[in-house]
Amino acid sequence: MRRRTFVGAGVVAILGGTAACSGESDTSSGNGASGGTLTLAPLVPSQPWDLKDAGLGNNTQYYQPVYDSLLRLDTKAEPIPNVATKWSYDSTGTVLTLTLRTGITFTDGAALDASAVKKNLEHTRTGANEAAGQLKGIKDVEVVGADTVKVTLSAPDPSFVANLGSVAGMLASPQAIDAGTLKDTPVGSGPYTLDKGATTNGSVYTFVRNEKYWNADEFPFDKIVLKPLADPTAILNALRSGQVDGALITTPKNVDAARSGGLNILRYQPGDVAGVYIWDRDGKISKPLGELKVRQAINHAFDRATLIKSVYGGLGEPTAQVFNPISTAYDASLNDTYPYDPAKAKSLLAEAGYPDGFSVDIPDVGPIFPEAQAAMVQYLGDIGIKCKLVTVPSTELLNQLLAGKFAISYFSLASFRSWDTITIQARPDSLWNLFKNSDPELTALIDSAQNSTGDSQNADFKEINTYLVDQAWNAPWAVVENSYATSRRVKVTAQAFTPVPGLYNFTPAG
Amino acid sequence: MKTFLARRLLSGVVLVFVISSLTFVLMRLTGTDIARNIVGPTATTQQVAAKEAELGLDRSVVVQYWDWLTAAVRGDFGRSWFSGDTVTSSLTDKLPVTLSIVLGGLLLSAVASVLLGVAAAVRGGLLDRVVQLLAIIGFAVPSFLVALVLALFVAVEWGWLPATGYTPFAVSPSAWFESITLPSISLAVGAVAATAQQVRGAMVDVLRKDYIRTLRSRGLSRRSLLLKHALRNAAPPALTVLGLQFVGLVGGAVVVEKVFGLTGIGSAANSAASSGDSPLLMGVVVVMVTLVVVVNLLLDVAQGWLNPKVRVG
């Protein structure tokens, strides 16, 4: 689904390439092998070293070597201890107390203590990028003792703790933050430091061991080299000729070529759900979409199993829900709600008062997703819904969707933990609830989920999911699958909710 | 000659100014939502607005342009909106990559096209027809296809040369040479085809001239006749084509750099234009236009050296 043109790759990276968590796991480097160099090819160019300007997803690869994070995420993206050894909420779910590991210093000698954590959280949240966005709910950070920090949130955020295991929870030297030197040089307490002599910005980044790192056993490689590559052919050639040990394969047809070239392929779900998103559920700009039966008809129109093959080259799992399979809201039985049934779809349209169908404008995403667009136009055409393509430059697509110009479109949205998915698209003020649709029943369920924990919260999540499927808010097709290729020199394990495995997940082979 | 050069220099400066201004305006007219592209699809509208304010995008285009221009004439091109690196350091890193492969390609095509063109003109017959056929094929095959094939076989299958990446000359001259060989060949193929035809045509014309016959009748050696008299007179039109090729090769570098994963000026221009990274794109445009102006200037000087008639006026 990722195209060769840069514009395409860029937009796909924007549309689907962000993850709410860093790729860190609890895998211990069991085989004891160590040393050597790990060379990876990130899909995206680097972002500024200053964490307030840091993004997530693919960008995480640049930050992981130098910056340690408050928590780590295991392979299922559950938070586990790291710099912070203990954490707990108060009864309101808005005051989080973190206990820190003692004796850690940044590579410039500054101490990693409670005030350094406070400085970082307050500094990162001043930015406008994705990591900063995850910290916007912080009301106050209080230094309770040298190793204790109290974070007060303005409202309960069920994803907040996990976010501290990603870029949002990464820590830079407070001295470097004050000096304003992070723009050019990262200073952290992570397992590696940037070797500027062996680094050319934009093409090669070399990291060497931080000899003082507290947890060096978890990082078997002596050197990490990152060489960003965006072109699918360049990626494949670099892998096959042994120039890099790991890279994301961005075009399904290259997966077989990589495998036959002697590379290992790791398949996993990065946490994106793609398909037809019905944005205008109140029928503001397309009256028919305000009818439940019309939206249900759209859901019955697609042969999802076939779409997986024709659109995603077999890399994906059919779905009818926007929550991904490892989230707590997921309910496999919901996928049977709308089987492929064009006759039923037509009769539902007739019942809703559209026996001859209707026509609707959709943004022309052909340059980025040609197969998906062709499938959408054809399947909807089969039940009498005529899609009129409106040309939109790929660089303006997000803009026009967010401005509410289209009632329905093919799209791919990030779907991580249940609460993340709700925050991204289901709340009345969610950014990707484009027409700000709401319903008292749904709002009550979301409120209840936000203010509960554990099993009762998960039950609420499932109810929200069921509501969205029953109301046919969208017509999802597939849980997207990524393919990560590695050389035989290294081993890698998958990491939930992230487009690429994290640094923790790599070990030398043999 | 001095006034001639001064005039060319001045028009070059005007050209840089006009093209950079146009680029700036065009960047603002496309409607690309730069702040949204930077902060990602899940950022709130407040975050996007904050980013816009941070970048100064909320001010009028005229103010933004004036800020850029006044900083640029002092040599300060700002920082990339996406990577945060200074544009000057980015260009310093990227320019050698592109120059290496473009000059490598140009050198290759100059040598190959003179050899092929002269041989075809002098020998004629079958050789001539083969060269002409090759030229047509070379002209028709796009450079990216050559690049794909070379990368697949020479680099991946046979492992003779690196498939991607660039090694600076200062780090290792031999690795530098290896890293630019395939991209340079990819670029050169089309240029050889065009220039060889030009050299051939010019040589054929010159060899028919009366003075060549006269020189030959005076008993000049074939070698001196060809190299000293015929080639020198056939060179100006070929040199003009080669100069134009340089501009073409810089354009071709955009694609070739992608295939070989090189982070040169070409790929920077491509990515900066599509993402809306205005500071970087402006830097790239200034450097590229300057490069073209300088190359044309050098070409004029070379023409003057080859042909005294040009020096007048």
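A salt bridge is taken here as a side-chain nitrogen of Lys or Arg within 4 Å of a carboxyl oxygen of Asp or Glu. By that criterion, a search of the whole structure finds 19 salt bridges over all chains.

This is a predicted model, in which local features need pLDDT of at least 70 and side-chain atom pairs count only at pLDDT 80 or more, while totals for chains, interfaces and linings use all residues. Residues are numbered from 1 along each chain as its sequence is written, chains are lettered from A and ligands numbered from 1 in the order in which they are written, and side-chain values use heavy atoms, with hydrogens and water left out.

**The interface of chains A and B**

Contact, meaning heavy atoms within 4.5 Å, involves 40 residues of chain B and 40 residues of chain A. The size of an interface is often given as the accessible area lost when the parts come together. Here buried area is the accessible area (1.4 Å probe) that two parts lose on being put together, summed over both; for chain B and chain A the value is about 3400 Å², with 52% of it on carbon and sulfur atoms. Of the area that chain B buries against chain A, 17% is supplied by Pro41(B), Gln47(B) and Lys258(B), more than by any other three residues.

Between chain B and chain A the count is three salt bridges. In a salt bridge that joins the side chains of Glu157(B) and Arg240(A), the N to O distance is 3.0 Å.

**A salt bridge within chain A**

Arg259(A) forms a salt bridge with Asp256(A), with 3.5 Å between the closest N and O atoms. Both residues, Arg259(A) and Asp256(A), belong to helix H8 (residues 253–260) of chain A, where they are three residues apart, about one turn of the helix.

**Helices and their packing**

Helices (H or I, at least four residues) and strands (E, at least two) are DSSP runs, numbered from the N terminus. Chain B has 13 helices and zero strands, and its C-alpha trace spans about 85 × 55 × 35 Å along its principal axes.

For the helix pairs tabulated below, axes are lines fitted to C-alpha atoms, for helices over the stretch in contact, and angles run from 0 to 180 degrees between N-to-C directions.

| Helix pair | Axis distance | Angle |
|---|---|---|
| H15(A) and H16(A) | 8 Å apart | about 155° |
| H8(B) and H10(B) | within 8 Å | roughly 155° |
| H5(B) and H11(B) | within 7 Å | roughly 125° |

Angles under 35 degrees count as roughly parallel, over 145 as roughly antiparallel, 65 to 115 as roughly perpendicular and the rest as oblique. H15(A) and H16(A) are therefore roughly antiparallel to each other. On the H15(A) side the contact includes Leu442(A), Leu445(A) and Ile446(A), and on the H16(A) side it includes Phe461(A), Ile464(A) and Leu468(A). By class, this contact of H15(A) with H16(A) has eight nonpolar, two polar and three charged residues, where Ala, Val, Leu, Ile, Met, Phe, Trp, Tyr, Cys and Pro count as nonpolar, Asp, Glu, Lys and Arg as charged, and the others, Gly among them, as polar.

H8(B) and H10(B) are likewise roughly antiparallel to each other, and their contact has 20 nonpolar, six polar and no charged residues.

H5(B) and H11(B), by contrast, are oblique to each other. Leu91(B), Lys94(B), Leu95(B) and Thr98(B) in H5(B) meet Ile265(B), Gly266(B) and Ala268(B) in H11(B), a contact with four nonpolar, two polar and one charged residues.
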